[in-house]
Amino acid sequence: MRRVPWLPIITIAIMLIMAVFAPLISPHDPIEQTLRDKLLPPVWMDGGEAKYLLGTDAFGRDILSRLIHGARVSLMVAGLALVAGGGVGLSIGILAGYMGGWVENVLMRLVDAAFTFPAILFALLLAVTLGQGLGTLVIAISLLLWASFARVIRGEVLTLKQRDFVSLAKVRGCSTVRIMAAHILPNVMNTFMVLVTLNIGVVIIAEASLSFLGAGIPPPTPTWGLMVSEGRASIADAWWVAVIPGLAITFLVLSVNLLGDWLRDQLDPRLRQL
Amino acid sequence: MGRFIVRRLLQGVVLLVLVTAIVFVLGRMTGSPVDLMLPEDATAEDRERLIRTLNLDGPVHTQFLTFVGNALHGDFGTSIRMRQPTLDVFMSRLPNTLAIIPWALLFAMSVGIPLGVVAAINRGRFLDRASGTVAVLGIATPSFWLGIVLIFIFAVELRWLPSGRMGGPEHYILPVITLGTFLTAGFMRLTRSSMLDVMESEYVKLARIKGLSETVVIWKHCLRNALIPVLTLWGVFVGNLITGAIVTETVFAWPGVGRLTYEAVIYRDFPLLQAVIILKAVLILSVNLVVDILYAYVDPRIRYS
C-alpha cells in the first residue's frame, strides 16, 4: 500500500480554497491597473513592497490577486470540460462496447481519427470562428478528452458484457438501454473517476496553452496561461510576471497527477498501463 | 501487402474528408464566410470575385464540392493579412519547422530511451522512482513556460544563447530543448514498459543462460526488440510534434508553420487558418501511412490483423 500523498492533497486544497473564495481573500482587484506601481518585484526582493506580496505586472496589477482569481478560471474550465468531454467519452465507450457490430466499428474509427489529429488545431479553429469565451474553450478542451475516455471505457465494457449479471438481466427481459444504464454504468464508474483525476492535469495544461495562444478566455479576465503570455514581453526586466503563474500551473498539475496515480492504485490497479 | 496499403490509404482519405468538412462547416456557421475571408477594406469587386470562386450562391453541397475542388487544385484561398495564396505561405514556412523537428526528436530519444531502460533495469528501486519523477515533472511543466524560463536563464541572465528567431546553430538549442522535453516523457514511459515486457521473454532468458554479460543482454537483446512498439508510436508523435511546434515556435519567434498557426489565430486570418489545418492533416496522414507501411514491413503480424 502506497502512502497517502498528503503534499499534493494540501496543494490541491489550497488551490481549491483560492478558487472558491477568490473575491474574499485576494488583496487587490485582479483587473484594476495602477500604472505607477508597475513591474514591482515580489516582497522578498529589493524594491518589493508589502502591499504586493508577489509583485505586479506591466499594468501594475497585483500578481497574487490575479493568481487567486486565475485559479478560479482554470479549475472551472477543468471541471466543466471533464464533465462534458468525459461524459461524452463515457457514453460513447459504453455504447460502442455494449452494442458491438457496426455501431462499435463506426464509433471506434472516430476515436482512432481523434487520436491521429491534434485536437488543439480544432480548438484554435473554434476560437476563431465562434469567438473566444468560456463555452468555446470548454468545447475545445472536451474534444481533447472524449476519445481517450471512450477507448478505456469500451475496453472495460467488453469484459463486463461477458459477466453473469449481464446475461441474467438479459434473461429477465431488461431492455438494452436499461442494461447499459443500470448494470454497466455503475460498474465503470470507478474507472471513470480514475480517468477524470488522471486527466485534470491534461486539461489544465490545455487551458493554459490555449490562453497562451490567444484562444482562451479573453482578457482582462486573469487566467494562468494568459498571465505567462503577458509576462513574456517583460521577461528581461521582470521575470516574476511570467515565472510565478507558470510555477502555479506546474505545482497544480504535478499534484493532481500524483494524486491521480495514487487513486488509480487504490481503485483500479489494472489501469497501470495508462 | 497491397490490400493493406489500399485500406490504410482509404482510411486516410476518409479522415481527410472529415477534417475538411469540419473546417468547411465551422467557416460557414458564423454567418457570412465573405466577412470571415476578406480584409475589412475589401471592395465590392473583391466580394463578387470571392463569391464566384467559392460558389457561395449555390446550394451548400455544391459549395462544399467547390471548396474541395479548389483545394485539390492547390487553391486554399488568400491570406487576409499577407495577401498571398495560403498554400505558398505555408510552403515557405514549412522548411523552418522541418529544420528543428529532427533535432527535437533526437533530443527526446537520446534522453528518453536510456532513462526508460535504466528505469526498467532498476524496477521499483531508487533509479526507477527518480526517472519516474523526472517524467512526471516533464509532463507537468507547460512547454510554453519552460521556453520562457530557458530564455530568461540562458538569454537574459547568462547571455549565452539568443532568445529567439532563426539563425546559426546557437539559435536552435533552446527551441530544440523545449520541443524535445515535450516528447521525452512519452519516450521514457514507453521504453520502460516495453523493456519490462521484453525482459520477461524466453530468448532473453536464453541469452542469460548462454552466459552473455548483462550489458549485452540489456542493451542488445532487450532494447532492440523493445524499440519496435516505441517506433510505432511515431504516428502519434507527429501529432504531438505539431502541437508542440505551435507553442515552441510562438515562444521563440521561430518562423515555421507552428508560429504561422498562432499568427492566423491572433490576426483572425481565417483563410490562412483553414489552409494550415487541412495541410497539417495531409502531413500527419502521410507520415502515419508511411509509418504503418514500414511497420507492416518490419512486423508481418500487422498485415493480417
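Residues are numbered from 1 along each chain as its sequence is written, while chains are lettered from A and ligands numbered from 1 in the order in which they are written. Because the model is predicted, local features need a pLDDT of at least 70 and side-chain atom pairs count only at pLDDT 80 or more, whereas totals for chains, interfaces and linings use all residues.

The predictor assigns the complex an ipTM of 0.84 and a pTM of 0.86. Confidence in each residue is expressed by the predictor as pLDDT, from 0 to 100. Chain A averages 85, with 97% of the residues scoring at least 70. Within chain A, helix α2 (residues 22-25) has the lowest confidence, at a mean of 81, and helix α3 (residues 63-99) the highest, at 91. For chain B the mean pLDDT is 83, and 96% of its residues reach 70 or more.

Chain A contains 10 helices and zero strands; here helices (H or I, at least four residues) and strands (E, at least two) are DSSP runs, numbered from the N terminus. The C-alpha atoms of chain A fill a box of roughly 75 × 45 × 30 Å along the principal axes. Of the 274 residues in chain A, 49% are buried. A residue is termed buried if 20 or more other C-beta atoms lie within 10 Å of its own, exposed if 12 or fewer, and partly exposed in between, with C-beta atoms placed from the backbone. Among contacts in chain A between residues at least 6 apart in sequence, 71% join residues at least 24 apart; two residues are in contact if their C-beta atoms, placed from the backbone, lie within 7 Å.

Not counting residues up to four places away in sequence, A:A147 touches A:G89, A:V111, A:A114 and A:F115. A:A147 also lies 8.8 Å from A:I92, C-alpha to C-alpha, although 55 residues separate them in sequence.

The contact between the chains takes 37 residues from chain A and 43 residues from chain B. On the side of chain A that touches chain B, α4 (101-116), α5 (119-130), α8 (176-212), α9 (224-232) and α10 (240-267) each supply at least two residues. The most come from α5(A), which gives 10 residues. That side of chain A divides into 27 nonpolar, nine polar and one charged residue, where Ala, Val, Leu, Ile, Met, Phe, Trp, Tyr, Cys and Pro count as nonpolar, Asp, Glu, Lys and Arg as charged, and the others, Gly among them, as polar.

Because 11 of its 12 residues are buried, α5(A) is largely enclosed by the rest of the structure. Its buried residues pack against α6 and α8 of chain A together with α1 (2-29), α11 (234-251), α12 (257-266) and α13 (270-298) of chain B. Just after α5(A), A:G131 takes a positive phi of about 90°.

One of the buried residues of α5(A), A:T129, is in contact with B:G27. B:G27 lies in helix α1 of chain B and counts as buried because it has 21 C-beta neighbours inside 10 Å. The C-alpha atoms of B:G27 and B:P271 are separated by 9.1 Å, although the two residues are 244 residues apart along the chain.

Elsewhere in chain B, helix α8 (residues 173-199) bends by about 35° at B:T181, the bend being the angle between axes fitted to the seven residues ending there and the seven starting there. Since 22 of the 27 residues of α8(B) are buried, this helix is largely enclosed by the rest of the structure.

Some backbone features remain. Most residues other than glycine have a negative phi, and most peptide bonds are trans. In chain A, a cis peptide bond with omega of about 10° joins A:P219 and A:P220, and A:P220 is in the loop between α8 and α9. In chain B, B:R159 has a positive phi near 55° and is exposed, with 9 other C-beta atoms within 10 Å.
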